[in-house]
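Hello,

The structure we talked about is below, with its sequence. My notes on it follow.

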Amino acid sequence: MTERDPDIAVLATRLGLRQLNYRTFERPTFPESVAAAPDDPVEAPPAAIMDAEPEPAMPVRPPQPVMPPPMVTAPMPMVAMAPPIVTAPMPMVAMAPPMQFPLLVQALSHRAAPPQANAPGSAQPFLTLRHVIAETSHQAEY
Amino acid sequence: MPLLCLTSPKGGVGKTSLAAGLAYALQRAGRQVLVLDCDPQNAVRLHLGLPIADSAGFFVRLQDRPDWRAGIRQTPAGIALLPYGETDMRGALATAAQLERDPELLAAPLRAMLADPSLIIVADTPPGASGALSVLAPLAGVVLAVLLADAASTALIPDIESGRFLGRGTLGSLLGPKLLVVLNQVDRHSRLSIAAAEGVAAHLGPRLAGAVCRDEQVAEALACQKPIGLHAPSSTAARDVADIAATVLREMPPPSVAAPAPAPLSSPLFPWVRS
């Protein structure tokens with residue numbers, strides 16, 4: 001799945017997303033203006049496709065209101081066209097929380113005792129409820 | 001009565017953070033404050049600086065009718081607190097059931113607390129309907145419902161407005177005027193948040209006690225175990241909370257001279273009521 005796939009291009013156009021920087025997408029190899037060129041039908045937005053084959057009942061499409069793009073992502077600057085920096089995966093090193101947040105330190109250093117299996121009711125926490133349901137079902141049979 | 005009851009029809013709205021922040025702001029305004037934690041999450045203590053391993057509490061011992069004065073904790077934040085206490089699901093359900101059977105377990109000590117007109121009780125209740133809320137609300141001067149500025153919270157406005165949230169019929173009509181709303185975590189960078197906040201404000205009018213902006217300092221305040229006004233007094237959220245505290249003080253009925261409870265009247269219609 002790449003950004004150049006037609007489905008992804010349509011989805012991106014519909015969502016108003018440009019220059020997707022999702023890690024499963026391949027890096028775009030050319031700027032968007034080239035991607036929207038008419039000689040590249042794969043990259044053309046769906047609106048252009050619809051304009052190419054207008055329906056007879058509606059020869060002139062009413063002007064669509066200009067909707068601002070959703071605020072999900074800000075337009076990425078041109079520097080985003082640079083190849084993404086491939087970073088090495090973060091090493092799984094246990095990091096102590098910063099000392100300026102004492103509650104985090106307390107919570108992560110606090111070792112609570114695990115639940116005891118022999119505590120009354122802990123092994124079957126809904127035993128009473130099941131018993132009541134079973135009795136109710138039994139009464140309902142008669 | 002000098003009881004401020006914080007509640008919410010839904011969880012995760014920052015009710016406990018706001019309770020701690022309001023308690024601190026009310027104390028800064030010169031009032032003597034006692035926070036009563038009625039939520040089994042037992043989280044107010046963390047906001048006020050008690051250690052996470054501190055398991056003592058008042059509510060978990062409610063069935064033993066403990067002396068509430070002996071259970072008051074002076075927290076590092078400088079605010080007196082009656083913590084809920086450490087419990088588990090079984091214990092919380094048992095306490096709720098006991099309170100359902102005998103509301104006086106909570107009402108009696110609460111009336112004793114409220115006998116001191118110089119004291120403001122700030123009560124944090126569990127989200128949604130609860131036995132604690134049903135006991136506290138009739139005694140409260142102000143019930144503050146905390147909501148977020150989003151669609152889910154806005155959808156609950158009819159429940160609050162109709163009084164269904166606090167009970168139908170007479171109970172709802174009696175408690176309705178006490179009920180004010182606070183919008184929490186209003187994000188001025190979010191179109192939805194601003195739209196919800198503006199819509200709720202226009203809809204509720206003076207019943208909106210205020211709004212607190214979304215502020216990273218609020219989350220950091222809990223991580224530092226301080227109320228927002230102590231952790232970041234110049235932050236926007238701290239100023240928002242102080243404004244709400246001022247509104248609460250305006251809406252709170254003035255302290256009255258402690259008068260003895262009126263004796264029940266003899267009535268031919270209710271012969272079992274004796275004078």
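Chain A has an average pLDDT of 60, with 19% of the residues scoring at least 70; pLDDT is the predictor's confidence in each residue, from 0 to 100. Residues 22-28 of chain A have a pLDDT below 50, and this stretch has 11 contacts in the model beyond near neighbours in sequence. Two residues count as in contact if their C-beta atoms, placed from the backbone, lie within 7 Å. Over residues 33-52 of chain A the pLDDT again stays under 50, and there the model has 15 contacts beyond four places in sequence. Where pLDDT is low, the predicted coordinates should not be read in detail.

Some conventions: this is a predicted model, in which local features need pLDDT of at least 70 and side-chain atom pairs count only at pLDDT 80 or more, while totals for chains, interfaces and linings use all residues. Residues are numbered from 1 along each chain as its sequence is written, and chains are lettered from A and ligands numbered from 1 in the order in which they are written.

Where the chains touch, chain B and chain A contribute 10 residues each. On the side of chain B that touches chain A, seven residues are nonpolar, one is polar and two are charged. Here Ala, Val, Leu, Ile, Met, Phe, Trp, Tyr, Cys and Pro are nonpolar, Asp, Glu, Lys and Arg are charged, and the others, Gly among them, are polar.

Chain B has 13 helices and eight strands. These are DSSP runs numbered from the N terminus (helices H or I, at least four residues; strands E, at least two). Of the 275 residues in chain B, 45% are buried. Buried means that 20 or more other C-beta atoms lie within 10 Å of the residue's own, exposed means 12 or fewer, and partly exposed is in between, with C-beta atoms placed from the backbone.

The eight strands form an open sheet with mixed pairing, in the order β3-β4-β2-β5-β1-β6-β7-β8 (chain B). At its edges stand β3 (73-74) and β8 (208-213) of chain B; each has a single partner strand, so one side of each lacks a neighbour in the sheet. Strands count as paired if DSSP finds at least two bridges between them.

β5 (residues 119-124) of chain B pairs in the parallel sense with β1 (residues 3-7) of chain B, over four bridges. In that pairing, L4(B) has V122(B) as its bridge partner, and C5(B) stands opposite A123(B). Five of the six residues of β5(B) are buried.

As for helices, α1 (residues 15-28) of chain B has 14 residues and reaches 20 Å from its first C-alpha to its last. Because 13 of its 14 residues are buried, α1(B) is largely enclosed by the rest of the structure. G30(B) follows α1(B) and has a positive phi, near 100 degrees.

Finally, E220(B) lies in helix α11 (residues 216-223) of chain B. E220(B) counts as partly exposed, with 16 C-beta neighbours inside 10 Å. Its C-alpha is 8.2 Å from that of H231(B), 11 residues apart along the chain.

Regards

Key: The expected span of a helix is 1.5 Å times one less than its number of residues.
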